[in-house]
Every structure is written in structure tokens, then in C-alpha cells.
Amino acid sequence: RGEGECCTVVFDAELYPGQQKALENAFNKKVIDNDFLGSDQEDVVKVVDRTALILDIFAQHAKTREGKLQVDLALHEYRKPRLTRMWTHLERQSGSGGVGLRGPGETQLEVDKRILRDRILVLKAKIDDVQKQRDLHRRGRKKGGLPVLALVGYTNAGKSTLLNCLTRAGILAENILFATLDPTTRRVKLPGYKTHPEVLLTDTVGFIQKLPTQLVAAFRATLEEVKEADVLIHIIDVANPTWRKQEESVTSVLNEIGAGSKPIVRVFNKLDLLEPEDAEMLKYEAACAEDFSVGISSKTGEGLGDFVAVVEDALSGLLVPVELELPYSCGDVVNTIHEVGSIETIDYRENGTYVVGRVPRSLAMKLERYNVALVGASSKEDSESEIDWAAIGRGRHTAK
């Protein structure tokens, strides 16, 4: 190919199959005129839209079985309405054998459509199995009672770097788009954390502006991790000049998948790449914000202490105050409260262990029968009712 000539044209928009075909015919007009069968493919100019480019990047980074299945499904869904462009040289032979006869192009096209449909059904069934496995894992984590934090944000915002910084997970964290496709969950003890000694931290796939619908459908098993999280940690790359637009794009995707109402902690990441004045200004903006916001650098560790404090404030809304008197036979319950909540007061009394603290709502409902106020009121009512019924039985008093 000569100097100054192109082989691929990329459009930053989602093209319809008809638009893509018309553009390729326009760019390859000379090739079509000179070679009717299109055998010479070296001089053909390819037209690629935004969705095809993103899918190509995903296909390069898919390493695990789950990631490959989801990317494969998205690719097949994308190719399904575009099969006709692949067999145009055979379609032109349609009807050449006489009236009522179908050419080989139409036959081949129908065969390919059936193969594609069958492949899509198989991929969806396999992804459903993956989703069931993830549901089992989530149920196991819920039984543990630990809060789940999901790292969300625009692609290349530094989510994996923050996870590695906090947990030493050792996952891939590079300056490339969509380095993470599969969610990674780690159990971590955050430094200086008081409300919850341990939490579960999940790294998720990065979002992007105008996320293709094929990806949203194919990655629904992965996006379920975001929907089931207790608190979302929104990582924002403030070193990018368009970070406010990226933040809006992520918020839009969260609303689209039904996770926009969850508590969100806004994390202004990559402060180390900014000028000192700009970094201080963002820290001040985060401190004055009404929501949960903090400025950090996941690469240098700057601001991680403030990050832990803000996350603790966000999670405190998930806990409810309790005042319990636990029998001494329930020592494991005290240990569970230490793991998933916080204890403000503990006293060993004659009847059992007196505990004042904060626990998740689900645990508070299980321990409701040990609530001091309810137990006291129930004992008083039982005592009064016994006296009344005994008197009524002797015929000395009438029922009140």
C-alpha cells in the first residue's frame, strides 16, 4: 500500500449495518469496479465503528473462560445483522440458474445465520451457568455478613491499582483500556477501620461513554457484582481533562443497570499527576462536598487514611444500633458482632453478656429475641398475664 493511503477507517459512533455497507462501497468503489468478484483484498478499505473497536479490545484482553464467553457472545450478537456483507460476491449469483431457483449466496447466508443462532444459544446457556455460580458465591459472602465494596469507574481510572494497593491482590493494572474484564473479590482489613474490621473489595470491568448494548447484555453476570454491592467506590481519574464527563457517563451506566440508588463514595484518584495547587483544590472540594468524597493517589498511597474514614462513614448507614443481653452459651454471637459490626459497650452480668453496639440489619433481626427492651417488656407482660389468668381461674376476678 502506498504512502498516504489508509486501510481502515474508524468512526466514533455506532453504525447501522446498512450505513457500514454503504461506506465500505463508497471507499472501495474502484476495487468493486475493477474486480467484480472481489478476490483482491489487499486494497480494500475496512470500515470499523465504535462498537467493533471496543469489542476488538475486549477480545484481546479476555484471558479467563468467563471473560472469553462474554466477549464471544457480544461479538456474535454484533455480527448477526452484518452477515449479508460477508457474502455479497455470492449473492450476485442469486437467480442466475432460472426463475424460482435460489443462488448459492442465499443458501450460504441461511446456513451461516443458523450456525450463528445456535452458537448464540449455546453461549447464553454457558453464561447462565456462570451467573448461577456467581450467585452461589454471593450467597456465601452474604452468609459471612461482611460488607461488599465494589470499585466502579471509567476505564483506566485506577481501580485495579487501588485494589492492589489495599490488598496486594497482584491483578493486572496497566495504563491501557479495559485491562480488567473479570471481577476480582478480595477480603481485606482496611487500616484504621473501626466500624467493620474486614470488608470484601471487588474490582469490576471499566465503563465507557456510550457503552455498547451488546456488552451490557453479555456482561450482565459481571455487572451483577455491582448491583449486589453494599457501597460503590466510584474511582475518578482527575488527571484526565474530561473527568467530569466521564463521571457523568459512569453515573448514567449505573442508573441503567439499576445500581444508581446505592451509597456511592467518590474517589478523586491520580492526585500525584496534578499540579500541587490543583491537587489541593480537589482535596478541598472533596472535604466540602455533601456526599462521600475523598482525594487520593492509589499509586503513592496519599490520602488512603481519609479514604478509609469516608468509607466507614458510608457503611455506618448500613448498621443499626442494638442493646442485647446474650446468654453465656452464645459466645459465638459476640464473636460475630466483633467481625461484622462494632461493640461500644460490653459487660458480663449474672444472666449473660450485655452488649451495646451496631450490627447489620439482617443480624439485628436474628438477635431480636435478645433485645434488652423487648425481653424486659415481654417478661413483664408474661408475669401480669399469669397473675390475671390465675385469678380468673379461681373465680375471684373478672377478665379485664
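Reader: In which strand is His234 found?
Author: His234 is found in strand β6. Keep in mind that the model is predicted.

Reader: Why is His234 called buried?
Author: The relative accessible area of His234 is 4%. Buried means under 20%. His234 is therefore buried.

Reader: What does His234 touch, not counting residues up to four places away in sequence?
Author: His234 touches Val152, Gly153, Glu247, Val250, Thr251, Ile264, Val265, Arg266 and Val267. Contact here means heavy atoms within 4.5 Å.

Reader: Which strands form the open sheet with mixed pairing, and in what order?
Author: Six strands form that sheet, in the order β4-β5-β3-β6-β7-β8. The twist averages 25° from one strand to the next.

Reader: What makes β4 and β8 edge strands?
Author: β4 (184-188) and β8 each have a single partner strand, so one side of each is left without a neighbour in the sheet.

Reader: How do you know that β6 and β7 pair?
Author: Six bridges join β6 to β7. Two strands pair if there are at least two bridges between them. The two strands therefore count as a pair. β6 and β7 run parallel. Within this part of the sheet, Ile235 stands opposite Val267 in β7.

Reader: Which strands does α10 touch as it packs on the sheet?
Author: α10 touches β3 (148-153), β6 and β7. The direction of α10 makes about 155° with that of β6.

Reader: Which strands form the open sheet with antiparallel pairing?
Author: Three strands form that sheet, in the order β9-β11-β10. The twist from one strand to the next averages 15°. β9 (319-326) and β10 stand at the edges, because each has a single partner strand.

Reader: What makes β9 and β11 a pair?
Author: Eight bridges join β9 to strand β11 (residues 353-360). The cut-off is at least two bridges. β9 and β11 therefore pair. They run antiparallel. In β11, Pro360 is the bridge partner of Leu319.

Reader: How many salt bridges does a search of the whole structure find?
Author: The search finds 12 salt bridges.

Reader: Why is the contact of Lys270 and Asp237 called a salt bridge?
Author: The side chains of Lys270 and Asp237 meet at 3.4 Å, N to O. The cut-off is within 4 Å. The pair therefore counts as a salt bridge. Lys270 lies in the loop between β7 (264-269) and α11 (276-288), and Asp237 lies in strand β6 (residues 231-237). The pair links distant parts of the chain, 33 residues apart. Lys270 and Asp237 are buried.

Reader: What makes Arg244 and Glu285 a salt bridge, and where do they lie?
Author: The closest N and O atoms of Arg244 and Glu285 are 3.6 Å apart. That is within 4 Å, so the pair counts as a salt bridge. Arg244 lies in helix α10 (residues 243-256) and Glu285 in helix α11, so the pair ties together parts that are 41 residues apart in sequence.

Reader: Why are Arg244 and Glu285 called partly exposed?
Author: Arg244 has 44% relative accessibility, and Glu285 has a relative accessible area of 30%. Buried means under 20% and exposed means over 50%. Both values fall in between, so both residues count as partly exposed.

Reader: How do you know that Lys283 and Glu302 form a salt bridge?
Author: The closest N and O atoms of Lys283 and Glu302 are 2.5 Å apart. This is within 4 Å, so the pair counts. Lys283 lies in helix α11 and Glu302 in the loop between β8 (292-295) and α12 (304-316), so parts 19 residues apart in sequence are tied together. Lys283, at 27% relative accessibility, is partly exposed. Glu302, at 29%, is partly exposed as well.

Reader: Which residues are linked in a network of salt bridges?
Author: Glu77, Lys80 and Lys124 are linked in such a network.

Reader: Why is Leu121 called exposed?
Author: Leu121 has 58% relative accessibility. Exposed means over 50%, so Leu121 counts as exposed. Leu121 has its place in helix α6 (residues 104-144).

Reader: Which residues form a nonpolar patch on the surface?
Author: Tyr328, Ile346 and Tyr348 form the patch, with about 340 Å² of accessible area together.

Terms used
Residues are numbered from 1 along each chain as its sequence is written. This is a predicted model: local features need pLDDT of at least 70, side-chain atom pairs count only at pLDDT 80 or more; totals for chains, interfaces and linings use all residues. Side-chain values use heavy atoms; hydrogens and water are left out. Patches are made of residues with over 30% relative accessible area and no salt bridge: like charges are joined within 9 Å, nonpolar side chains (Val, Leu, Ile, Met, Phe, Trp, Tyr) within 5 Å. Accessible areas come from the Shrake-Rupley method with a 1.4 Å probe; for residues, only the protein chains shown count as cover. Helices (H or I, at least four residues) and strands (E, at least two) are DSSP runs, numbered from the N terminus. Buried means under 20% relative accessible area, exposed over 50%, partly exposed in between (1.4 Å probe, protein chains only). Axes are lines fitted to C-alpha atoms, for helices over the stretch in contact, and angles run from 0 to 180 degrees between N-to-C directions.
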